[in-house]
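Subject: Structure handover, chain contacts and domains

Hello,

Please find the structure below, with notes on what was found in it.

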Protein chains: 4
Amino acid sequence: MNIAFIGLGNMGRPMVLNLLKAGCQVSVFDINTAAAEALKEDGAFVAGSMEECVKGAQTVMTMLPAGEHVRAVYLGDHQGGVGLLKMVEAGTFLIDSSTIDPASARLVAQQAHTLELEFVDAPVSGGVAGAQAGTLTFIVGGTDSGFKQAEEVLQHVGKNIFHAGKAGDGQMAKICNNLMLGILMSGTCEALSLGMDNGLDPKVLSDIMLQSSGRNWALELYNPCPGIMDKAPASNHYQPGFMSKLMLKDLGLGLEAATESQSPIPMGTLARNLYAFHNAEGNELRDFSSLFEFYRKPSK
Amino acid sequence: MNIAFIGLGNMGRPMVLNLLKAGCQVSVFDINTAAAEALKEDGAFVAGSMEECVKGAQTVMTMLPAGEHVRAVYLGDHQGGVGLLKMVEAGTFLIDSSTIDPASARLVAQQAHTLELEFVDAPVSGGVAGAQAGTLTFIVGGTDSGFKQAEEVLQHVGKNIFHAGKAGDGQMAKICNNLMLGILMSGTCEALSLGMDNGLDPKVLSDIMLQSSGRNWALELYNPCPGIMDKAPASNHYQPGFMSKLMLKDLGLGLEAATESQSPIPMGTLARNLYAFHNAEGNELRDFSSLFEFYRKPSK
Amino acid sequence: MNIAFIGLGNMGRPMVLNLLKAGCQVSVFDINTAAAEALKEDGAFVAGSMEECVKGAQTVMTMLPAGEHVRAVYLGDHQGGVGLLKMVEAGTFLIDSSTIDPASARLVAQQAHTLELEFVDAPVSGGVAGAQAGTLTFIVGGTDSGFKQAEEVLQHVGKNIFHAGKAGDGQMAKICNNLMLGILMSGTCEALSLGMDNGLDPKVLSDIMLQSSGRNWALELYNPCPGIMDKAPASNHYQPGFMSKLMLKDLGLGLEAATESQSPIPMGTLARNLYAFHNAEGNELRDFSSLFEFYRKPSK
Amino acid sequence: MNIAFIGLGNMGRPMVLNLLKAGCQVSVFDINTAAAEALKEDGAFVAGSMEECVKGAQTVMTMLPAGEHVRAVYLGDHQGGVGLLKMVEAGTFLIDSSTIDPASARLVAQQAHTLELEFVDAPVSGGVAGAQAGTLTFIVGGTDSGFKQAEEVLQHVGKNIFHAGKAGDGQMAKICNNLMLGILMSGTCEALSLGMDNGLDPKVLSDIMLQSSGRNWALELYNPCPGIMDKAPASNHYQPGFMSKLMLKDLGLGLEAATESQSPIPMGTLARNLYAFHNAEGNELRDFSSLFEFYRKPSK
């Protein structure tokens with residue numbers, strides 16, 4: 001399989017390595033040329049330009065920071081630059097795994113469709129560790145045939161591959177999930193902290209809630225109170241894991257979507273604001289479970 | 001085993017039936033005399049007064065609506081009435097299974113201790129269905145020996161019996177769990193609704209979140225969107241289950257505890273306020289997952 | 001006029017001094033005997049007991065920390081102590097100026113009424129400075145005749161005297177006002193901070209909002225941003241003024257009232273939670289406008 | 001004075017009429033040609049295209065629905081359309097009075113500056129009534145000389161003209177003010193409703209708060225409870241006034257700005273969510289003080 005991969009950051013690089021391991025031919029490009037060069041010894045073909053990178057590729061994958069980058073790469077920029085959609089050959093299959101606003105994903109999909117190109121949005125969860133282990137979860141938005149094509153590629157870099165719906169729905173489903181996650185983490189910090197303020201042992205309380213109606217992902221796999229789970233970031237100085245700044249970014253995408261659709265999301269926006277306060281105290285790069293410390297101030 | 005049981009409402013009655021089934025001798029009392037009489041044919045001894053009810057009992061269990069009732073029954077009231085603590089014989093073991101404020105539970109425990117009586121608070125979760133099936137969860141606060149004694153009795157009416165800590169901690173742990181539950185339910189309604197407003201299928205979104213970091217008790221066992229889970233109240237006109245007014249009551253106990261301990265609980269108080277709005281629209285007696293409708297107004 | 005005054009703290013002491021200045025005969029009592037003795041040289045009669053204090057008084061005023069103290073002083077305590085209501089002579093007029101829960105105020109009023117005594121709740125606003133200057137605002141709950149009697153006394157210690165309604169309504173109206181104040185202060189901190197984060201000058205923004213629809217008491221008289229108003233606590237290291245812990249207490253009374261009446265108060269509870277976070281960082285004794293710093297973390 | 005005016009909706013039309021009344025020559029354009037034609041009899045010159053409209057104008061004013069329209073009109077659109085900036089003659093002064101996101105305003109200002117054109121953002125408050133009466137408030141962002149030029153024009157259509165700061169700051173200051181307003185209105189509805197739930201008379205409570213620390217613009221000029229102020233929308237079936245959908249829009253701009261600057265705005269986002277719930281019940285076109293009804297459900 002012949003793949004062009006654009007965007008070689010913390011997530012993109014290990015994904016490329018797994019594609020190479022699976023026997024794919026991978027051509028890579030990044031505006032940070034060092035990031036591209038570093039993959040040479042692993043067997044990637046290092047392209048000198050985006051145009052060269054996508055030439056002859058059956059599939060193009062992108063992994064970029066935000067919606068504006070995805071729009072610029074696929075559609076071209078305001079300065080008259082040409083986008084990917086006009087560079088690739090007929091029949092090329094396009095996968096964007098960036099986490100971005102659904103509107104941008106839908107815009108790119110629509111433009112691709114106009115040019116008779118298949119495009120899916122396929123944001124991931126699982127973080128850098130998941131990318132390295134090849135156990136990422138992909139949430140795919142696109143047509144049925146697009147989803148099938150995506151599965152063939154993504155099986156080499158991930159474990160669970162969901163079909164959320166039509167174009168943009170991959171992004172939207174990830175946004176909903178991460179909104180839920182922000183609520184779960186805030187709520188878990190809060191319930192444990194309320195218990196501790198009233199004399200409960202957080203380990204005992206966690207055990208009780210795990211077997212009761214308070215059970216949730218954060219409590220099961222990611223207890224935010226230090227010393228309860230050995231392998232959780234909380235027990236390792238809140239080393240990420242999933243950084244607080246990424247949680248704030250994802251909750252921000254939730255706000256943006258809700259503003260568009262005029263949906264009420266009081267719980268999600270409150271969680272977002274707790275992270276805004278917390279991050280402003282210098283916690284952007286720490287694991288998102290460090291919100292627990294926002295509830296546990298030293299003077300208490 | 002010789003048990004006196006006071007408080008024969010929706011929860012108390014099926015608990016008495018299970019104790020009788022297990023071969024216990026049960027003497028019952030309620031200010032609603034009809035509720036007591038109705039248990040006669042099931043083999044309970046119907047006492048004419050609280051004093052008569054507890055006479056000769058090894059264990060006294062109470063199941064009452066709120067802290068004020070528990071204080072009145074155990075300590076006596078303002079009009080000079082005598083409480084249980086001064087009626088029971090030396091060595092009687094006392095279990096209160098009401099859901100009340102921890103301060104009241106601690107006050108009763110302290111007064112009991114002064115009179116050398118063992119008392120535990122043991123609030124339940126599992127609702128009327130759990131009471132009937134004998135599968136209730138009990139969260140016990142009290143000494144180690146108190147907990148052991150409680151287990152011997154409670155095994156006949158429940159399945160999981162947790163020891164949360166010292167006196168009052170059973171109530172406190174239940175409050176924390178139900179605060180978490182209120183957050184889970186509100187958050188789940190919100191995430192599903194945001195997805196639907198943006199074109200996602202709630203069944204597909206639920207499936208994705210269940211296998212991702214948005215997983216939680218409400219999503220697993222109690223999906224609030226009609227038509228996704230056959231047996232959930234959402235698919236049965238939101239017949240309870242667990243009534244919205246009880247969720248509001250429990251979140252109110254959370255507020256009260258947080259006010260005492262000066263703890264911040266923004267997520268829990270927000271969930272509480274959503275229920276206050278929702279219940280005021282006439283939903284007090286419907287299942288608490290009907291909050292989903294608060295997010296899905298007809299004009300949308 | 002012959003007045004007995006019980007409760008001689010930061011607020012009670014200056015109120016007594018103003019009553020003496022106005023020519024009233026004042027008999028004082030406090031369980032802190034030093035506080036009472038200190039008023040001797042100002043002309044107060046220092047009573048050795050509550051009973052001695054109220055003997056022969058036409059009016060009894062109380063200024064106590066919380067509802068439990070008011071109940072104990074007027075109604076007697078659990079240990080069989082006798083309350084004020086049974087000590088005073090027929091026809092004595094009773095004023096409680098403490099800030100407490102309306103339920104306690106109503107209970108005392110009801111018991112007073114049973115004994116044919118007139119009682120009003122008359123909480124104050126204006127703080128220690130207002131008490132010293134004799135410019136306090138009183139919000140009175142009670143009958144029309146009670147209100148008239150109250151005015152005659154309170155005119156010596158305050159400037160504005162409002163009749164909020166029946167017994168307990170003085171407390172309730174103060175609670176509503178201070179809930180609003182907590183919302184105004186939080187909102188003003190937030191609007192100024194959002195502007196500053198986006199490059200606006202807080203002085204210019206304040207001027208614009210003062211002449212627009214954002215105008216409010218906090219912005220007019222109590223700007224929370226340092227350097228904008230010379231005399232505001234914000235420009236004087238947030239020296240109180242009105243302490244953050246008192247704002248948290250008053251918002252807590254709001255929560256309690258809303259829990260009783262099952263009212264939704266999302267804005268007020270959110271403000272309460274912001275103060276709970278802020279106070280936990282060691283700001284309890286600072287002016288309540290210091291919440292501005294909660295929005296302006298050093299790392300920004 | 002020779003003015004070109006683009007955007008002739010509810011606000012634009014009365015502004016044009018006031019400019020004409022003040023003796024200005026006004027050339028008008030709108031894609032809704034009927035709206036333009038209707039101004040012919042009032043003395044406006046009706047242009048057939050944007051290009052014709054701005055030809056020979058000393059000042060161009062625009063009044064458009066949202067940021068995307070402003071960008072399209074000034075900068076041209078994606079389909080290669082040319083924008084205003086490239087149509088106007090050297091030395092033309094540009095004023096945009098739309099309420100839009102500050103980023104769009106800054107982008108247009110920057111592009112204008114590149115072409116050596118003076119541009120200010122000057123959003124208004126005061127609504128349709130203010131536009132008709134010529135008493136609008138303008139909040140201007142731009143250079144000192146830009147502000148002076150703006151004053152000369154805007155004095156004919158408004159009363160208060162503020163200089164908020166540099167380009168985009170007019171929009172930002174309006175956003176902060178309206179965030180504050182959303183908080184004031186929500187808080188006032190809430191405080192009055194809490195009082196009513198507890199037996200207070202809303203008129204009496206309003207009077208007390210107006211003279212206390214709860215005083216704010218909504219309470220002074222716009223009491224949301226029917227029957228208290230004769231001229232307020234609340235006493236006239238909540239006829240706008242200022243529509244709920246516009247409040248939701250403005251609070252949405254606040255969210256967007258806060259997302260950009262990573263600022264916490266919990267109070268403002270909560271108010272926004274209350275409006276999202278309220279509007280979804282069919283209240284978009286009613287006055288924004290109708291939020292009071294969200295707090296006063298019939299079943300109470």
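In this predicted model, chain B and chain A meet through 59 residues on the side of chain B and 59 on the side of chain A. The area buried between chain B and chain A comes to about 4900 Å², and carbon and sulfur atoms give 66% of that area. On the side of chain B, Leu194(B), Ser213(B) and Met267(B) supply more of the buried area than any other three residues, namely 14%.

A salt bridge joins Glu220(A) to Arg215(B), with 3.2 Å between the closest N and O atoms. There are also 16 residue pairs in polar contact across the interface of chain B and chain A, both residues of each pair being at pLDDT 80 or more.

Which elements of chain B give two or more residues to the side that touches chain A? They are the strand β9 (158-165) and the helices α8 (169-197), α9 (202-210), α10 (217-221), α11 (244-261) and α12 (266-283). Of the elements on this side of chain B, α8(B) gives the most, with 20 residues. By class, the side of chain B that touches chain A has 31 nonpolar, 20 polar and 8 charged residues.

Chain C and chain A bury about 880 Å² between them, with 75% of the area on carbon and sulfur atoms. Within chain C, the residues that lose the most area to chain A are Phe277(C), Ala280(C) and Lys297(C), which together make up 51% of what that side buries.

The count of salt bridges between chain C and chain A is 2. In a salt bridge between these chains, the side chain of Glu281(C) meets that of Lys297(A), at 3.4 Å from N to O. Polar contacts between chain C and chain A number 2 residue pairs, with both residues at pLDDT 80 or more.

Chain C is laid on chain A by a turn of 180 degrees and a shift of 0.0 Å along the axis, and the RMSD is 0.0 Å. The C-alpha of chain C nearest this axis belongs to Leu270(C) and lies 4.7 Å from it. Here too the same surface serves both copies, as 100% of the contact residues of chain C recur in chain A.

Last, the domains within a chain. Chain A is divided into domain 1 (2-166) and domain 2 (172-295). Their centres, taken over C-alpha atoms, are 30 Å apart. Domain 1 of chain A gives 9 residues to the contact and domain 2 of chain A gives 8.

The two domains of chain A bury about 750 Å² between them, and carbon and sulfur atoms give 67% of this area. In domain 1 of chain A, the residues that lose the most area to domain 2 are Thr99(A), Pro102(A) and Ile139(A), together 48% of what that side buries.

How many salt bridges are counted between domain 1 and domain 2 of chain A? The count is 0, while 4 residue pairs are in polar contact, both residues being at pLDDT 80 or more. The side of domain 1 that touches domain 2 in chain A consists of 7 nonpolar, 1 polar and 1 charged residues.

Regards

Methods: Residues are numbered from 1 along each chain as its sequence is written. Chains are lettered from A and ligands numbered from 1 in the order in which they are written. This is a predicted model: local features need pLDDT of at least 70, side-chain atom pairs count only at pLDDT 80 or more; totals for chains, interfaces and linings use all residues. Side-chain values use heavy atoms; hydrogens and water are left out. Domain bounds come from an automatic or database domain assignment. Contact means heavy atoms within 4.5 Å. Buried area is the accessible area (1.4 Å probe) that two parts lose on being put together, summed over both. A salt bridge is a side-chain nitrogen of Lys or Arg within 4 Å of a carboxyl oxygen of Asp or Glu. A polar contact is a pair of N or O atoms within 3.5 Å; within protein, one must be able to donate a hydrogen and the other to accept it, and residues adjacent in sequence count only if both atoms are side-chain atoms. Ala, Val, Leu, Ile, Met, Phe, Trp, Tyr, Cys and Pro count as nonpolar, Asp, Glu, Lys and Arg as charged, and the others, Gly among them, as polar. Helices (H or I, at least four residues) and strands (E, at least two) are DSSP runs, numbered from the N terminus. Copies are superposed by least squares on the C-alpha atoms of residues with pLDDT of at least 70 in both.
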